[in-house]
Amino acid sequence: MLDGILTGLQTAIMPTNLMMVVLGCFVGTFIGMLPGLGPVSAIALMIPITYGIDPSSGIILMAGVYYGAIFGGSTSSILINAPGCSGTVVTAFDGYPMAARGQAGKALALAAYSSFTGGTISAIFLLLAAPMLAKVSLSFQSADYFALMVLGLSAVAAFSGKGQILKALIMTVFGLMLSTVGTDRATGVERFTFGSIDLLDGISFLLLAMATFALAEAMMSVLERTDEDAEPQDMTKLGSMKLSAEEVKEVAPTVGRSSVLGFLVGVLPGAGATIAAFLAYGVDRNLARGDSKDEFGNGSLRGLAAPEAANNAASSGSFVPLLTLGIPGSGTTAIMLGALISYGIQPGPRLFVDNPEVFWSVIISMYFGNVVLLILNLPLIPYISRLLIIPKPILVPMILLFSITGVYLVSFNSMDILIMVGICALAIFLRLLTFPMAPLLLGFILGGMMEDNLRRALLINDDSLSFLWQRPITLTIMLITVLILIAPVFQKTIKRIFHIESRGDSLTID
Amino acid sequence: MTLSKERIGALFFLALSILYGYFASGIKLYPGDELDPMTAQTLPFVLSGLGIAFSLSLLISGKGAGRSMGVAHLNWKPVIGLMLISLAYGFALDWLGFLISTILFLIAGFRILGEKRVKILLLVAVPFVFIFWFGLTQMLDIYLAPGRIFGGQ
């Protein structure tokens, strides 16, 4: 393992890669700050740039963008009460009241320290857990992979919140349907191409991600009238950024607890930063006694530290299933998987054997990413947040341009732009009907692999589906899937235990 | 009666799943394929079945009237405008080339969203596109074909 860490360190401290971390964190912070544009869009916009560079640098850049986007999301939650992404919705509960009483600087600093601690603890866990899990998963066969993919897809649906499960399942199936368009990889038969040459290779993953996220989110920000630009904030008057010793002492246990909880939730397929943040907030409010309990929702330090530590810890945690099993647990890691595959790298148990530099450098650069966020981004926040003042009429067409050219410059086929606009219109329609988009992307990316693994498992098993109950690992995974799917029935009890309140209709998976 | 968001979505996916299943039956197989336990048609049929089952469940369990879509208050005009110029950009790229079509796209986009000052339109769009073009062609070495009206392919 030490060899691996050294290899990762060597790759991660290369000047290009260090630059990628810094660049990723900056760009991510900026995009994450824009209300409406989440980490998935931020990463999608980066993919075309990463095609021209080394895979390790590419994935390091995207990981930097991911943390940056979550950090940026917290900033806009605290400063303007408009969460940049779903993972930071809870941050606004206590962060904005703090900013409102003139403690914006302290709130931002606390958010940054909590995120840093959460990210660091989680990166250490990842360092220990990932290689172990990768070794175990080397014994996995096609049948187990098939079962794991079914588990991943079901979990995303099951965790998508009250009243959203059926919608998420439908979107997953829709994603799987889209993945069947094109030439069948096993038999070479054309499926759903309707005679079009453009569809022979299937729908491009980048095109789908850009159209359903970056393009659609930019359009939605125009469609839904908001007053967010009604009152430009004076970003230079943030107040002191210092925390007193008592305050640090007060939040330290919360940060520790929430980091561990966040990591564990992040590892679970389908959960991710949003649920981790809600859960950590709920747990901490439940543990609080007396006055400190009443403070929750009115600018409590603990109420801000808990979700911030948890969402960053969960972001690193969500890399565990991606790097070790090749199975993404959220929309964000799904898009990274898509990018890795297009670099010609197959994430999964073989990754740390075949491409150790990618595997380890991502883990090491996560730590660097947290340091960059703390020592570079925090002092620069007043300046970065001024970019929020760029008027919408200028910003939105630029985002559209980057999304469109991002797809065009890879294929040089202007037909792709027309398909993109069509898919974007459909995505807007579905977003208005409150159908979640992440399961679509996940289904689309896992569809091909799922079919291949099922086919292989059937071949190995004499055309019988009996492997589903005869192989202990497969059976266990399938049982977990069933449990996860029926768990929402017991959701009320869980909510009563943790006293979780969700604001709005439902949570969305980032 | 107004349909709820759930039911509109459910009906849409029900129709889509049925259509998908119909087209799945048209997938051509090679002779002998039908003896395999899993053909190119298997997964599409399963997906079509699942799609129908899930959308029927949503149709039945979804709330009735009351939570209609309420799309009238939304800002449709600029969104439709932006979609149209994106489509036009797709056509223009081949004919006018990258520079001209991108400048036109940005100016049109800024205008649709309410920026009317000609000075701003030009001062933002033109230098930005030139820098973007310079970055792509000179720094990243990406070849951008000239438009057909300038003799490109």
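Me: How many of the 510 residues of chain A count as buried?
Reply: Of those 510 residues, 60% count as buried. Keep in mind that this is a predicted model.

Me: What secondary structure does chain A have?
Reply: Chain A has 23 helices and 2 strands. Its radius of gyration is 22 Å, close to the 24 Å that the globule rule gives for 510 residues, so chain A is as compact as a globular protein of that length.

Me: What does the C-alpha trace of chain A span along its principal axes?
Reply: About 65 × 50 × 50 Å.

Me: How do I read contacts along the sequence of chain A?
Reply: Take the contacts between residues at least 6 apart in sequence. In chain A, 80% of these join residues at least 24 apart.

Me: Where do nonpolar side chains tend to be in soluble globular proteins?
Reply: They tend to be buried together. Here, the largest nonpolar core holds 203 residues. Ile43(A), Met210(A), Ala276(A) and Leu441(A) touch the most other members. This core also draws at least three residues from each of domain 1 (5-61) and domain 2 (76-150) of chain B.

Me: Which residues is Ile43(A) in contact with, leaving aside neighbours within four places in sequence?
Reply: Met62(A), Val65(A) and Tyr66(A) are among them.

Me: What separates the centres of the two domains of chain B?
Reply: The domain assignment gives domain 1 (5-61) and domain 2 (76-150). Taken over C-alpha atoms, their centres are separated by 41 Å.

Definitions and conventions
Residues are numbered from 1 along each chain as its sequence is written. Chains are lettered from A and ligands numbered from 1 in the order in which they are written. This is a predicted model: local features need pLDDT of at least 70, side-chain atom pairs count only at pLDDT 80 or more; totals for chains, interfaces and linings use all residues. A nonpolar core is a set of buried Ala, Val, Leu, Ile, Met, Phe, Trp, Tyr and Cys residues joined through C-beta atoms within 7 Å. A residue is buried if 20 or more other C-beta atoms lie within 10 Å of its own, exposed if 12 or fewer, and partly exposed in between; C-beta atoms are placed from the backbone. Domain bounds come from an automatic or database domain assignment. Two residues are in contact if their C-beta atoms, placed from the backbone, lie within 7 Å. Helices (H or I, at least four residues) and strands (E, at least two) are DSSP runs, numbered from the N terminus. The radius of gyration is taken over C-alpha atoms; the globule rule is 2.2 Å times the number of residues to the power 0.38.
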